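These are my notebook entries on a structure I was asked to look through. I record the items in the order in which I looked them up.

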Amino acid sequence: MFGRLVGVRDADFTKILGWPGYRVYEHEIDEVARTLRLWVRRKRRTRRLICSGCGRRVREVHDISEREVRDLPWGEYRTTVVVEVCRVRCPNCGVKVERVAQLPSKAPFSKRFEDAVGLACESGAARQVSRQFDLAPTTVRAIDLRYLERWAAQRRRPALKHMGVDEIWLGKRMKFLTVVSNLESNEPVWFGRDRTHTTLDTFFREALSRGQRRRVVAACVDMWQAFTTSIHEWAPRCRIIYDKFHVMQHANAAVDEVRRAEFFRKGGLARQVVKGKRWLLLSRWVHLSAAKRQQLNALFALNRRVFKAYLLKESLERLWTYRYEGAMVRYLQSWIAQLRWQRLSAFERLADMLVDHLDGLLNHCRTRVRFGVVEAINGNIKALLRRGRGYTNLRYLLLKAQRIAVTQTEFIAITRAA
Ligand SMILES: [Zn+2]
């Protein structure tokens, strides 16, 4: 059943469609297939057109053709808009297609249709969205990427003064990802494959101008030498800060090492108690329920060394409550003094590392940076990776993570329920 609606004027269609500057001059309805087709053209042909190449206004039209795009549905009717598009003769670019606001790319979708898909992708996985809009998942991801690119192009990016550098393990195939983030605006700013100093060199060379590099005043990094070399070279004014998040990762690794050693050393009953307590030992005491604390206490009663390791880890965290260098140094000295006669080699190595990196630890007192940002961004990226496959495109993953950071006004601290 094809046909035109009797009694409905094209002017009404123009109003409902609501594309600024365009009018509907023809329509066709299929009541069986539930489709609506609208033919539109500019309201005034005489108006100057805009060259899509350079953005300048052009008067001369080369030729006119039609493009078909899917638009938002009208009730139950899937709507297709056939648009008259001109090619212009631009003095700069030669023959070029005019710029049409509702046609953002070469794909057969209107801008507001893509916006609707992109918005849906903010709360749902691509597979869900593909069902909702009856599109292939790959098409949904392509639309989402364009939606995010348009968003990124029009936004003013905050200056990078405090940066965080972190690494994320992406799995056997993709290996490591280096994440550079802006600690003031809570967002990742750059992703790079691998985690060597050349990875960070690439960031400084390609993502920042000379002026921008000079404006970076603090960098939170792991005590891993590779990144600091690169920072010293490219941003000489930048202070290296060994932040709590990264140092505590080393402390957790030390606890784990002690646990494993005790697990193998002891047999029988003790082994049963140590078994499966890994993440309990890595959690903070204050986050644990009464039942979990009891489990830990049972373990500590049996194994003094694991208990000691746990206490050492917990007490190290207090280092970052100090605001004065002298006090921080004194606390670190007393913490190291506790290691004597304990024969906890994992912690002795950690202590050596802390002493070697003392200046960067004390920078915590000299330059205030926000805590927990690197951790939160890290958690968001991992959540994104868990939720959807298809992030082999790092640019897409970055934009997605940035969008999350900007739309979520407040970060939820990632803590595991006890
Ligand atoms: Zn042009």
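Is Arg146 buried, partly exposed or exposed? I looked up its relative accessible area and found 23%. Arg146 is therefore partly exposed, given that buried means under 20% and exposed over 50%. I note here that the model is a predicted one.

**Entry: the partner of Arg146**

I next looked for the charged partner of Arg146. Glu114 forms a salt bridge with Arg146, and their closest N and O atoms are 2.6 Å apart. The pair links distant parts of the chain, since Glu114 belongs to helix H2 (residues 111–123) and Arg146 to helix H4 (residues 137–154), 32 residues apart. I then checked the cover of Glu114 and read a relative accessibility of 0%, so Glu114 counts as buried.

**Entry: Arg195 and Glu167**

I turned to another pair. The side chains of Arg195 and Glu167 meet in a salt bridge of 2.8 Å, N to O. Distant parts of the chain are linked here too: Arg195 sits in the loop between strand E11 (187–193) and helix H5 (197–207), while Glu167 is in strand E9 (residues 162–169), and 28 residues separate the two. I found Arg195 partly exposed, with a relative accessible area of 25%. Glu167, at 23% relative accessibility, counts as partly exposed as well. I then asked which salt bridges share partners, and recorded one network that joins Lys111, Glu114, Asp115, Arg146 and Arg150.

**Entry: the search of the whole structure**

How many salt bridges does a search of the whole structure find? I noted 25. One of the pairs I looked up is Glu84 with Arg41, whose side chains meet at 2.9 Å, N to O. Glu84 lies in strand E7 (residues 77–90) and Arg41 in strand E3, so that the pair links parts of the chain 43 residues apart. I recorded both Glu84 and Arg41 as buried.

**Entry: surface charge**

I looked for charge gathered on the surface and found a patch of positive charge made up of Lys43, Arg44, Arg47, Arg48, Arg56, Arg57 and Arg59. Lys43 is in the loop between strand E3 (35–42) and strand E4 (49–50). With a relative accessible area of 47%, Lys43 is partly exposed. I note that a patch takes residues with over 30% relative accessible area, a value that Lys43 passes at 47%.

**Entry: backbone angles**

I checked for positive phi in residues other than glycine. Arg34 has phi near 55° and is found in the loop between strand E2 (22–30) and E3. Its relative accessible area is 38%, so I list Arg34 as partly exposed. Arg343 also has phi near 55°, and lies in the loop between helix H13 (325–337) and helix H14 (345–356). Arg343 counts as exposed because its relative accessibility is 65%.

**Entry: overall form**

I counted 17 helices and 13 strands in the protein. The C-alpha trace spans about 95 × 50 × 35 Å along its principal axes. The radius of gyration is 29 Å, whereas a compact globule of 418 residues would have one near 22 Å. Of the 418 residues, 45% count as buried.

How values were computed: Residues numbered from 1 in each chain as written. Predicted model: local features only at pLDDT ≥ 70, side-chain atom pairs only at ≥ 80, totals over all residues. Heavy atoms only, no water. Patch = residues over 30% accessible without salt bridge, like charges linked within 9 Å, V, L, I, M, F, W, Y side chains within 5 Å. Areas by Shrake-Rupley, 256 points an atom, 1.4 Å probe, with all protein chains shown as cover. Salt bridge = Lys/Arg side-chain N within 4 Å of Asp/Glu carboxyl O. Lys, Arg positive; Asp, Glu negative; His and termini not counted. Charge placed at Lys NZ, Arg CZ, Asp CG, Glu CD. Helix = DSSP H or I, 4+ residues; strand = E, 2+ residues; numbered from the N terminus. Buried < 20%, exposed > 50% of the residue type's maximum accessible area, 1.4 Å probe, protein only. Rg over C-alpha atoms; globule rule 2.2 N^0.38 Å.
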